[in-house]
Amino acid sequence: MTLGTNFSSVVDIGSEITLVGYYGMDNFGDDLMLKSLLDEFRKHDLKVNILAYREVSWLLKEAYPNVKVWIWPDSKIGKFQIFKKASQNSKAVFWGGGTCFTDEDGDGYFKYMIYAKLLSKKVGYLGVGIGNLSKTSRLFKTKKLINISSILTFRDKTSLKKALNWKKKSSKASIELVEDPANQTLKVLASSLPVQKNNNSLVLAWRDLSDYSNTTIGSELLPVSEMAIRLCQEYKANRIIIIDTDSVRDRELSISLKESIERLNGTISVEYNDCKNYEEKLAVINESKVIFTSRLHVAVAAKYLNKECFVYNYSPKISYFVQEEGNNKIQLIDKDLTIKSA
């Protein structure tokens, strides 16, 4: 259970909460996590306010009558105003799913969580992880948020261990290990998809690694293209289907990858599929023979679909997943693009 065993002691049945996270970007993993969290909240009869970057395309009012989506404005002042308005009747503010404590990406919405505490709200993190953390400022923020949270649930053992080490003895935060929030939705969806036979495609789902250029291949596309072709040859796939895991951030990179592969090899068919809904993306992944990705939840989907998958180790969350699963069909690609077995 992603919410943890002590959730009911923090949030009363039928009360109102606010949920923040990376929502509204048609991101495969974040949408899966959001869906699972909303299903859990429904069991507690909660009224949920979601702060998102855009409208959540699949979140229909008829299916989720107790959910309201608020859109972040552009201005800094406007962001605090909308946050205050969205959370004014909420008992608690939660971050929902994902690796939200990192050097490269998020800081756990530090300013907003501190602001929520000033507004006398409880705060917490549900089904999250800790990534690369070496910057002094990010480490300080993470430790502070861990110690002001009423509930913390982590999706991997290493993140949990770090949080426990950073938690002060005086902190009353409840810290637990839980299943990745996306798993619940993936289990249901994967079980309903047909088993594909005679597949001849490789699905490629890559992310822009420019922010990780100190520890990875960064924005280089040539080695990714070369490996995709090599995997096609090894698995006798004659088609590459490129999808956006994040439909906002990945599009430009995906198109560039298509062009890069086509320049290298004229015999393999390369298709860019711009599907946006998480169910559509899962259906494309299901039709593959082999998967090559740098996205965690594409690899998690491969697990539930029983697919061969090669996943690039750009972040600790990738290696945590591969090591904890020990699935011989999911292989870790090291940062120099060499293959390491599970």
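This is a predicted model: local features need pLDDT of at least 70, side-chain atom pairs count only at pLDDT 80 or more; totals for chains, interfaces and linings use all residues.
**Helix α2**

I started with α2, residues 28-43, and checked its length. Its 16 residues should span 22 Å at 1.5 Å a residue, and I get 24 Å between the end C-alpha atoms, which agrees.

Then I looked at both ends. At the start, asparagine 27 puts a side-chain oxygen within 3.1 Å of the backbone nitrogen of glycine 29. After the helix comes aspartate 45, and I noted its positive phi, near 55°.

**Serine 15**

Serine 15 has 9% relative accessibility, so I put it down as buried. What does serine 15 touch, leaving aside neighbours within four places in sequence? My list reads Asp45, Leu46, Lys47 and Lys91. I also checked serine 90: its C-alpha is 7.5 Å from that of serine 15, though 75 residues separate the two along the chain.

**Asparagine 147**

Next stop was α5 (residues 136-148), where I picked asparagine 147. Its side chain reaches the backbone oxygen of tryptophan 166 at 3.1 Å. Besides Trp166, asparagine 147 is in contact with Lys167, Lys168 and Ser171, again leaving aside neighbours within four places.

**Aromatic pairs**

I counted 20 aromatic pairs. For tryptophan 58 and tyrosine 278, I have ring centres 5.3 Å apart and planes at 85°, so I logged the pair as edge-to-face. Tryptophan 58 is in the loop between β2 (47-52) and β3 (67-71) and tyrosine 278 is in α10 (residues 278-286), so this pair ties together parts 220 residues apart in sequence. I checked burial for each: tryptophan 58 is buried at 11% relative accessible area, and tyrosine 278 is buried at 5%.

I then took tryptophan 95 and tyrosine 109, whose planes are also at 85°. Their centres are 4.9 Å apart, and I have this pair as edge-to-face. Tryptophan 95 is in strand β4 (residues 92-101), while tyrosine 109 is 14 residues away in the loop between β4 and α4 (110-118). I noted both tryptophan 95 and tyrosine 109 as buried. They belong to a cluster linked by ring pairs, along with Trp72, Phe80, Phe83, Tyr112 and Tyr115.

My last entry is lysine 68, whose charged end sits over the ring of tryptophan 70, 4.1 Å from the ring centre.

How values were computed. Residues are numbered from 1 along each chain as its sequence is written. Side-chain values use heavy atoms; hydrogens and water are left out. Helices (H or I, at least four residues) and strands (E, at least two) are DSSP runs, numbered from the N terminus. The expected span of a helix is 1.5 Å times one less than its number of residues. A polar contact is a pair of N or O atoms within 3.5 Å; within protein, one must be able to donate a hydrogen and the other to accept it, and residues adjacent in sequence count only if both atoms are side-chain atoms. Buried means under 20% relative accessible area, exposed over 50%, partly exposed in between (1.4 Å probe, protein chains only). Contact means heavy atoms within 4.5 Å. Rings of Phe, Tyr and Trp (its six-membered ring) pair if their centres lie within 6.5 Å; planes under 30 degrees apart count as stacked, over 60 as edge-to-face and the rest as tilted. A charge sits over a ring if NZ of Lys or CZ of Arg is within 6 Å of the ring centre and within 35 degrees of the ring normal.
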